[in-house]
Amino acid sequence: MSELVTGEAVALELQPARLPSRALAVLLDLAVVLVAYVAVSVALLMATASLDEAARTAVSIATFLLVLVGAPIAVETLSHGRSLGKAACGLRVVRDDGGPIRFRHALVRGALGVVEILLTAGVVACVASLVSARGRRLGDVFAGTLVVRERVPAARVSFVPPPPPWLAGRFSALDLSAVPEGLWLAVRQYLGRMNQLDPQVGHAMAQRLAGDLAERTGAAVPTGVPPAAYLAAVVQERQVREARRTFGGGPVAGQVAAWPVGPSAGSAGPVPGPPVERRGVGADAVVPVERPSGERPATGFVPPV
């Protein structure tokens with residue numbers, strides 16, 4: 001695995017593609033490009049038979065640049081790093097920070113690929129990929145890109161812990177429409193890896209993400225709520241809303257009803273009252289949940305003192 005750091009300072013676990021899979025993808029791409037090059041060259045040769053030698057040479061050079069160099073660059077730019085060969089092998093070209101590549105990245109990769117792959121029969125690219133710890137060729141090094149595998153086992157997905165029960169449903173009134181997908185991804189990545197981080201680093205990262213999330217929602221983080229618990233509660237609230245949109249407007253099974261919040265935004269906690277849980281029997285079927293005193297499910301979060 002290779003850890004890439006996003007713009008939100010969250011480490012992403014991506015698996016770099018190794019030489020065999022990359023070589024197979026390049027061979028598939030070259031086969032398609034060479035077939036297109038031969039077809040275009042034959043058509044142009046017949047169309048320019050009446051021209052002189054210099055004109056035919058200029059047309060041949062232009063065909064080489066447009067088909068063998070320009071076409072792969074255009075395909076990688078428009079597909080955000082997925083050529084036909086890479087799509088067949090489950091690979092994608094991404095930036096060093098895990099983001100999608102742009103035209104300048106594809107241009108550098110394509111220009112150096114002429115020397116690495118076409119002019120040297122792939123010898124330079126193979127040597128550079130074997131020497132690199134992440135399997136990068138020279139075009140990847142100068143472009144700041146990395147070829148990664150998109151098809152990874154489902155078991156590699158990090159588990160996102162649920163929020164503590166004393167925060168369940170507390171943020172049901174938040175406006176989450178302005179939160180971008182990039183921030184949601186950063187929060188989920190942090191929650192899945194927070195137990196692996198240094199405590200001080202993890203707390204600082206949680207504070208920064210909680211501040212960004214509170215700024216997007218327009219509501220401050222409640223006083224006394226740990227940043228990590230706040231992030232987990234808001235993520236669960238988003239999942240509950242998505243489940244309601246998918247399966248209808250009724251209550252979601254297993255969701256704990258929201259506890260009433262104090263009159264001020266900075267209320268230290270919920271108003272005392274027995275929690276209730278809605279079952280999937282009907283809208284009016286409300287069953288009180290009775291738990292022994294002090295018993296709470298293990299979530300990894302500590303309630304405020």
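Reply: At 32% relative accessibility, Cys126 counts as partly exposed, whereas Cys89, at 11%, is buried (buried means under 20% relative accessible area, exposed over 50% and partly exposed in between, with a 1.4 Å probe and protein chains only). There are zero disulfides in the structure, a disulfide being a pair of cysteine sulfur atoms within 2.5 Å. This is a predicted model, in which local features need pLDDT of at least 70 and side-chain atom pairs count only at pLDDT 80 or more, while totals for chains, interfaces and linings use all residues. Residues are numbered from 1 along each chain as its sequence is written, and side-chain values use heavy atoms, leaving out hydrogens and water.

The buried residues of H8 are Gly202, Met205, Ala206, Leu209, Ala210, Leu213, Ala214 and Thr217. They cover an arc of only 165° around the axis, which puts them on the same side of H8, the arc being that of the directions from the helix axis to the C-beta atoms. The face turned away from that buried side carries the exposed residues Gln200 and Glu215. Helices H7 (181-193) and H9 (227-247) are among what covers the buried residues of H8, where contact means heavy atoms within 4.5 Å. Just after H8, Gly218 takes a positive phi of about 80°.

Methods:
Helix = DSSP H or I, 4+ residues; strand = E, 2+ residues; numbered from the N terminus.
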